[in-house]
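Colleague: I have just opened this entry. Can you walk me through it?

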Amino acid sequence: MSHQKILILDFGSQVTQLIARRVREAHVYCEVHPCDVSSDWVREFAADGNLKGVILSGSHASVYEVDDRAPDAVFELGIPVLGICYGMQTMAQQLGGKVEGSSHREFGYAEVRAHGHTELLKGIEDFATPEGHGMLKVWMSHGDKVTQLPPGFKIMASTPTCPIAGIADESRHYYGVQFHPEVTHTVQGQALLQRFVLDICGTRPDWVMGDYIEEAVAKIREQVGDEEVILGLSGGVDSSVAAALIHRAIGDQLTCVFVDHGLLRKDEGKMVMEMFAGKLHANIVAVDASEQFLGKLAGVNDPEKKRKIIGGEFVEVFKAEAAKLKAGGNGHKGATFLAQGTIYPDVIESGGAKSKKAVTIKSHHNVGGLPEQLGLKLLEPLRDLFKDEVRELGVALGLPHDMVYRHPFPGPGLGVRILGEVKKEYADLLREADAIFIEELRNFKDAETGKTWYDLTSQAFTVFLPVKSVGVMGDGRTYDYVVALRAVQTSDFMTADWAELPYALLKKVSGRIINEVRGINRVTYDVSTKPPATIEWE
């Protein structure tokens, strides 16, 4: 691509992705790669002249105990470098400084004093002390510290227990901060990162989704040519945006396969068909496999087993449909490409798993597997994008805002929101109850912000509990099922707080569910944070 770019080298931090997201939010293109890439690789990455700066991430390790270091080429290119936490420490050690274990570990909130009016921090502060010192409210997470500056560096920031909390060599545009500007807890973090990538690196802010469509369309057309593509359309954000983008590029050369496993949200299948078949006029094959899925799930209680059954069955259904499409007929010559909604976090985490630099990295089903089984080439038009960018792209492509900005929905669908065994009766009850909850969240506005509570929550849904409770309706006794409402607020889904929904909203939702969904007589609200709980119940 012709975009100017920032290279982020990942030393295994759990929040490296946040660095990339903050850089992208400044409309600057960036890529994350493992720290153990070679110097030759870095030089090749910079060969097009578009590399404007490098950011070195944090890590769980200590620089004096592991061999993880930035490739020498990083410091030979003559471009700005920013080290964050471990990144600052490896920069210091590699350039002639010293790093040691600290007797005072810092985890969490800290107040950092800025020194020296450096280009990076000039004019950026949260408050000033009576003596006039600029102070930053930041998030720390370290047990080591720089104890000796490398030649040419000066102190840029400090705390009482960490005298060297920031370093700078302004002649070479090298900067290091011991705190984490990428997390929201560092109040001026976005301002600091924007200062680095836009002002110090001088990068052009041209990474804009509306403009990206033309570039992505050209790329798809070049890759596909006159061949045909199939895509598994789930109705989720990623697959929907991928389908709309590919259809924009190649039209009838794309066929979407929509599998209804009987565990979708209310009217989801209808919405998908209306959008893609009705408005986009895309080729779409709808498969109702609900009886097949529910039959396989009968008697299964374990969440992981349910996930595996649903995932495995989806693959089998999709493979059967793909085989028909691959064979051609009905005016089609046969698909040679499989399109997937892989997004950039999937790519980063899978790369981290291969390099073993990151801790507790999860695997992703849509980074591999199906193409080999089907004998198809892979098309992943969203693999350079983060979720928020995918949403922006979807709106720019003309997809409805409500579809693009829907809350996350798990791949196994309602199968992991029905605790224990999955039955059609349970799924039907849950579908109705969940639809009421979401409808009222969309209807109910917060008086202070004017936003709906759907927009104010990051994820909200209903969980079906396989227990019954006694109730009274009219003059009669009932013995019916219980559901739990779950709504959380989070910036990154790594941690989450339960949403403090207004009592009036909860009362309305509870009343409607009990009165309108025959078979449910009790509604509860989940007030657990993540951690220790997870967002989903299974």
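**A first tour**

Modeller: Start with helix H5, residues 209-224, in this predicted model. H5 has 16 residues, and its first and last C-alpha atoms are 22 Å apart. That is close to the span expected at 1.5 Å a residue, 22 Å.

Colleague: Which residues of H5 are buried?

Modeller: An α-helix has 3.6 residues a turn, so residues three or four places apart point the same way. Buried here means under 20% relative accessible area. In H5 the buried residues are Met209, Tyr212, Ile213, Ala216, Val217, Ile220 and Val224.

Colleague: What covers the buried residues of H5?

Modeller: The cover includes strands and helices. Among the strands are E11 (228-232), E14 (335-339) and E15 (377-379). The helices include H6 (237-250) and H12 (387-396).

Colleague: Which residue follows H5, and what is its phi?

Modeller: The residue after H5 is Gly225. Its phi is positive, near 65°.

Colleague: How is the chain divided into domains?

Modeller: Domain 1 covers 5-199 and domain 2 covers 209-405. Domain 3 covers 424-525. The C-alpha centres of domain 1 and domain 3 are separated by 44 Å.

Colleague: In the largest nonpolar core, which residues touch the most other members?

Modeller: That core has 48 residues. Helix H14, residues 424-443, gives the most to this core, with nine residues. Domain 2 and domain 3 each supply at least three residues. The residues touching the most other members are Leu441, Leu501 and Ile513.

Colleague: Beyond its neighbours within four places in sequence, what is Ile513 in contact with?

Modeller: Contact means heavy atoms within 4.5 Å. With those neighbours set aside, the partners of Ile513 are Ala433, Ile436, Val483, Leu485, Ile520 and Val523.

Colleague: At what angle do the axes of H8 and H9 cross?

Modeller: H8 spans residues 290-297 and H9 spans residues 303-327. Their axes come within 10 Å. The crossing is right-handed. The angle is roughly 145°.

Colleague: Why does Arg522 count as partly exposed, rather than buried or exposed?

Modeller: Arg522 lies in strand E19, residues 520-525. Buried means under 20% and exposed means over 50%, with partly exposed in between. Arg522 counts as partly exposed because its relative accessibility is 38%.

Technical notes. Residues are numbered from 1 along each chain as its sequence is written. This is a predicted model: local features need pLDDT of at least 70, side-chain atom pairs count only at pLDDT 80 or more; totals for chains, interfaces and linings use all residues. Side-chain values use heavy atoms; hydrogens and water are left out. Helices (H or I, at least four residues) and strands (E, at least two) are DSSP runs, numbered from the N terminus. The expected span of a helix is 1.5 Å times one less than its number of residues. Buried means under 20% relative accessible area, exposed over 50%, partly exposed in between (1.4 Å probe, protein chains only). A nonpolar core is a set of buried Ala, Val, Leu, Ile, Met, Phe, Trp, Tyr and Cys residues joined through side-chain atoms within 4.5 Å. Domain bounds come from an automatic or database domain assignment. Axes are lines fitted to C-alpha atoms, for helices over the stretch in contact, and angles run from 0 to 180 degrees between N-to-C directions. A crossing is left-handed if the near helix is turned anticlockwise from the far one by less than a right angle, and right-handed if clockwise.
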